[in-house]
Number of protein chains: 4
Amino acid sequence: MGSHTGQLFAVTTFGESHGVALGCVIEGCPPGLALDLEALQADLDRRRPGQSALTTPRKEADRVQVLSGLFEGRTTGTPIALVFFNEDARSRSYDGVEALYRPGHADFTYEARYGLRDHRGGGRASARETAARVAAAGVARQWLQARYGIEVVGWVDTVADVAAAVDAEAVDRAAVEATPVRCPDPTAAAAMIALIEQARREGDTVGGVVTCVARGVPAGLGDPVFDKLDADLAKACLSLPACKGFEIGSGFAGTRLRGSAHNDAFAQVDGRVTTTTNRAGGVLGGISSGAPVVIRAAFKPVSTHFQPQQTVTRAGEAVTFRNEGRHDPCVLPRAVPLVEAAMLLTLADHALRLEALRGGALQPPKQP
Amino acid sequence: MGSHTGQLFAVTTFGESHGVALGCVIEGCPPGLALDLEALQADLDRRRPGQSALTTPRKEADRVQVLSGLFEGRTTGTPIALVFFNEDARSRSYDGVEALYRPGHADFTYEARYGLRDHRGGGRASARETAARVAAAGVARQWLQARYGIEVVGWVDTVADVAAAVDAEAVDRAAVEATPVRCPDPTAAAAMIALIEQARREGDTVGGVVTCVARGVPAGLGDPVFDKLDADLAKACLSLPACKGFEIGSGFAGTRLRGSAHNDAFAQVDGRVTTTTNRAGGVLGGISSGAPVVIRAAFKPVSTHFQPQQTVTRAGEAVTFRNEGRHDPCVLPRAVPLVEAAMLLTLADHALRLEALRGGALQPPKQP
Amino acid sequence: MGSHTGQLFAVTTFGESHGVALGCVIEGCPPGLALDLEALQADLDRRRPGQSALTTPRKEADRVQVLSGLFEGRTTGTPIALVFFNEDARSRSYDGVEALYRPGHADFTYEARYGLRDHRGGGRASARETAARVAAAGVARQWLQARYGIEVVGWVDTVADVAAAVDAEAVDRAAVEATPVRCPDPTAAAAMIALIEQARREGDTVGGVVTCVARGVPAGLGDPVFDKLDADLAKACLSLPACKGFEIGSGFAGTRLRGSAHNDAFAQVDGRVTTTTNRAGGVLGGISSGAPVVIRAAFKPVSTHFQPQQTVTRAGEAVTFRNEGRHDPCVLPRAVPLVEAAMLLTLADHALRLEALRGGALQPPKQP
Amino acid sequence: MGSHTGQLFAVTTFGESHGVALGCVIEGCPPGLALDLEALQADLDRRRPGQSALTTPRKEADRVQVLSGLFEGRTTGTPIALVFFNEDARSRSYDGVEALYRPGHADFTYEARYGLRDHRGGGRASARETAARVAAAGVARQWLQARYGIEVVGWVDTVADVAAAVDAEAVDRAAVEATPVRCPDPTAAAAMIALIEQARREGDTVGGVVTCVARGVPAGLGDPVFDKLDADLAKACLSLPACKGFEIGSGFAGTRLRGSAHNDAFAQVDGRVTTTTNRAGGVLGGISSGAPVVIRAAFKPVSTHFQPQQTVTRAGEAVTFRNEGRHDPCVLPRAVPLVEAAMLLTLADHALRLEALRGGALQPPKQP
């Protein structure tokens, strides 16, 4: 059931890079939400290629169509099907790829699993698939905002060795969108852009890290033992193309601290329990604490570079292979909406799970 | 459904630290497996406290009992219930904890979610809960070994700043068990032990990283888009207590490489497609490639240290709090079987999902 | 997750009667199936209104479009999205219905659940929704036939008091399609047609029972305890609009037999274990025995008749209401493909579950 | 995942008839419920054999033990594990059965599915398994009562040809328990008892029908399209041993009515929308209407009678077989708590699903 995620805010996606269409079906979006289709399209446009010189020039209109689930502009509680038809699918430019296994790509493993593959543009393994989850996440974003006031903001935190300094409590989307690399630290952004341009000139690619924060998350989200909030966030991030690592709060760096330096002290502020620091990243024991949820996702350098590579053909012959065509030298700016989507879909599902629990409870929670 | 994991090799756990018993029910373990109960107990004993001076002196017999699912020593395909009764539950030593929220613990978030909590020994949030999944993973280990020859080995890779050098292709359990810190690099192990002992003397705690490898995994495991093998591995790791980060293959370090340096070249060896390096960590496009699956899990320093800490009571009063009792200064040695359990349960579930797909397929896979 | 069914052959449907489009996403259809789109369309056409004088004259082209999951005519193992756009949606003829609750319909209960409803043509509660599952079942049918040689045939067994005599072991689709009422017993068919025509003239409606057989089902399908094959068949049938009852094998009539008269004796025929009678309906202990699986589904008389009815408006006022427009006086002929769909989707899901179990087993089953 | 049921009020059962123990794990029971263990035991005792001359004399203490999920007498929201150890397991009396396939039993189909079976007392296929779900349903009963005031009552409606006349709106448990056959119509009860005694004397068995009503169910439960409330009720009933049929409301008899006679008129009573009749059985479009939910489940005559039967051995030889030992001539009285369990577990799960939907909704439902 690999194309299905979520238990109560549940999303199924479909579609191949060069097939007829891609899309998603959202089951469980609560009724009564006045869906802003322009905002939804704006979310999708952030993921789209061709936004700047930093990303691939391929033009995808990706105009989202709503097939079901809306009535007089509001969600009805029935499945919402969103679809975008493929328009600019130049299958021709991928000729030759079907006969071999591109290093760093899923060509070989899809054949190992399925026995056959749709090689056109990477088929189902293409990053283009992520348009469907960004669309679903756009609906989740509007619901989380309307129902709880939750705000989710992601940004490029590192590109290769260049790291940004960003305040997770305050950063907003305007600051993120102010630079084409989606890094709200202008100095770091400039260095990142230079680095990406250099990689492009050299026919090479670079990786980096996206950080994402959710503010306004109520305490109580997350379902121990296996469905901890951070566990589901990790899964959602690692399910993104090219993602190789995940952290919440202090992450790997936190393993070098002493316990006495790591714990966040509790305090009472304005009648609510809160923590004075946030090394936990907003989650304790798998349950949100009310502090901002802060996660990081590592993306490897794009596999499609333009240096010669060794590989084998489907028939098992060793060959030297070199990519052609149009490809991003750095996926990071376009990965920002993907990590946000991972956060949004996970929060939406867990919010509904918490609603079920609280609706049935005979004991009030510590904080509303 | 937080206490349930897996779709086809499905495990449900139950039990609190100081309740009557803990255990698990395994649904979907294939029939005909001759279960070695001694080996299962041995797996459990590795997780147990009190194994060495490095870990807490609490004695838990944790003798596993099989309640169902076995007939004449073999699995029957029906649910396997495993249970261990609590014996050495000194609730008394936790007196006083119920009135406040321990920093770094789930006391507050459980109350925020459930409205009440079993405070005895951490209740359901106790690391003792992991005994149930280690037991389930022990069954998975035996099945994966018998059916596919898969071998899973984990070890302590870092403690605070001390890092080991270990060959993931060759390391075995004997080397891991040779030191009480479960680090197969003797030099690093000695340094780790010294560091842990020092933390203990100072009433403090340390964190670190566990690495785990699975060898002999067939190509084809993993279900794109959302249930990628690495996504489910990340979730399984982050669902472990105190885990704050996850990596597969090159992980965060890989984000600093160029794409031309990162891709693993394909080659044909002995009639099979393989890669000459393994920065991917054995997974491409969310599907296993046949190369060793290599993951890393970051564990924060143990939250229960013996320094004074600021917190609030349930009534909202600020207090200074100091832990008493018996606790590990470092969870890493005992985290090794936990990360192995994350790997084993994930592989078992995905193996059955692949069996379903291949059994129904009308097209043969690239490699058997 | 009401719009989702199946665990391994999993189907999600979407769409309202008078929305933009309806459709489904099939996850888990095994790869390599050469899909016959004409046969798929033919399955859909059987469900379509306007096939004969017995059914509503509304014209629905319902031309199925494949959006994903096919490559060079074969399934790839990735999600198959099927969609049909609404063309002949005369919303106008339903004006006035939005202000009251039609007896026998879901108007009131949808508002009780969702707070609002898409009243146009019944919205999501319309029988038109079933087009999506018939489409999904058409894919299941082709796979079950290609992989196992399974054959599924349904027919109208009773209309009101008129009952047919049909041999479940031998009946085929040609015999079913030979009469517009889809009853392969010509004498009963004539009586049924007369009865339906009379009801239509009187502005009334009638109900009846559909019987459905699956032949060639391998022994071993069905997952005790809760997911017994007959339990999932019952659920699939009761999820059909207007269905009020389900039987397998001897059903309610069997409750009047003595045990000594009810049990099916086992015998060995051609080296295989079989039963000499089939009162069990092909399922023992929730698992298929290899005998034909025979089920029956009861459909109430169509709720939309043309007699005056008492009801209340949304504001709570008592009113007399009378339907207008175009509606079937008897849903039975068009219910045949629906019951077949219930059978097909259930068998497909359980077949894959059996493949998973057998692929992982270390013990061979009694019969292959 | 056959031993798992429910999405939010989720139950996993385990155990064989003559194994060490049986039990269940309940995930998702809301926190704060003061669990009455005596009432729970009383529910279990109704299912127990040996209650009267009408049922098997086997003594099962079936004293339920709570292993987890309770703290100071209240549910905590964590998994509740319930277990009962087997005490009176006379495996010896089943000797000889392992070599052949008993007609009407699951011996053959378990081997066809799993390759091996625990033949002792029917193993997992034994009706003894139902103790686990009755236990889980007892918890559901207490929660549904405490949270919504829902009341569930079942009774024996027919035995063979003898039918009772019972008012579903008024019948209570006291009336049901007043006769050993659990039929609240005293005249019918006497005839049923005579009929069962006669069958016993003749070494034969009889079947019948259980009816069950749920009163006080809020409008809005049920998740169209596939997870309709009646669909899940049908599945829950058909998953009971020996159940061959299911009806809701008018059921099969309703197929003989005209639509004008079948529809239930709506009316407003005390400010609430209600229906003046209840042929729908409390469900419209798969969603509860607020009217009593009325279902019926058909049970075949017990397969274990004492007449000679034809069957084959595992080696394929034809043999004549005759049962020995202790067995019910009629399962109906003990089936009453099973059908109640089917109702209770289904309602509990759907109630939580409705809580999730309403908690997330931005539009109020028609009725609270």
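These legends walk through several close-up views of a predicted model.

View 1. Chain A has a mean pLDDT of 93, and 95% of the residues in chain A reach 70 or more. For the model, ipTM is 0.97 and pTM is also given as 0.97.

**View 2. Chains A and D, turned onto each other.** Take chain A, rotate by 180° with 0.0 Å of shift along the axis, and you land on chain D with an RMSD of 0.0 Å. The two copies are thus related as by a two-fold rotation axis. The same surface is used by both copies, since 100% of the contact residues of chain A recur in chain D. Which residue of chain A comes closest to the rotation axis? That would be Ala356(A), whose C-alpha sits at 2.0 Å from the axis.

**View 3. Inside the largest pocket.** The largest pocket holds about 880 Å³ of space. Its lining takes in 41 residues, and those nearest the centre are Glu247(A), Gly249(A), Ser250(A), Ala253(A) and Arg296(A). Which elements give two or more residues to this lining? They are four strands of chain A: S8 (151-159), S10 (208-215), S11 (243-248) and S16 (293-299). By type, the lining of the largest pocket splits into 18 nonpolar, 12 polar and 11 charged residues.

**View 4. A sheet that runs through chains C and D.** Ten strands make up this open sheet, with antiparallel pairing, in the order S9(C)-S8(C)-S10(C)-S16(C)-S11(C)-S11(D)-S16(D)-S10(D)-S8(D)-S9(D). At the edges stand strand S9 (162-163) of chain C and strand S9 (162-163) of chain D, each with a single partner strand, so one side of each has no neighbour in the sheet.

**View 5. A five-strand sheet in chain B.** This open sheet has 5 strands in the order S1-S2-S3-S7-S4, with antiparallel pairing. Its edge strands are S1 (4-5) and S4 (65-66) of chain B, each pairing on one side only. Look next at strand S2 (residues 10-14) and strand S3 (residues 21-27) of chain B, which run antiparallel and are joined by 5 bridges. In that pair, Thr12(B) faces Val25(B) of S3(B) from the opposite position.

View 6. In chain C, the peptide bond from Pro224(C) to Val225(C) is cis, with omega near 15°. Val225(C) belongs to the loop between strand S10 (208-215) and helix H6 (229-238) of chain C. In chain D, a cis peptide bond joins Pro224(D) and Val225(D), with omega about 15°. Val225(D) is found in the loop between strand S10 (208-215) and helix H6 (229-238) of chain D. What about phi of Arg182(A)? It is near 55°, a positive value in a residue other than glycine. Arg182(A) sits in the loop between helix H4 (173-177) and helix H5 (186-201) of chain A.

Note on methods: Residues are numbered from 1 along each chain as its sequence is written. Chains are lettered from A and ligands numbered from 1 in the order in which they are written. This is a predicted model: local features need pLDDT of at least 70, side-chain atom pairs count only at pLDDT 80 or more; totals for chains, interfaces and linings use all residues. Side-chain values use heavy atoms; hydrogens and water are left out. Copies are superposed by least squares on the C-alpha atoms of residues with pLDDT of at least 70 in both. Contact means heavy atoms within 4.5 Å. On a 1 Å grid over the protein atoms alone, a cavity is a set of points where a 1.4 Å probe fits but cannot get out, and a pocket is an open set with protein on both sides within 12 Å along at least five of seven lines; lining residues have an atom within 4 Å of a point. Grid points are joined across faces, edges and corners, and a volume is the space filled by probe spheres set on the points. Ala, Val, Leu, Ile, Met, Phe, Trp, Tyr, Cys and Pro count as nonpolar, Asp, Glu, Lys and Arg as charged, and the others, Gly among them, as polar. pLDDT is the predictor's confidence in each residue, from 0 to 100. Two strands pair if DSSP finds at least two bridges between them.
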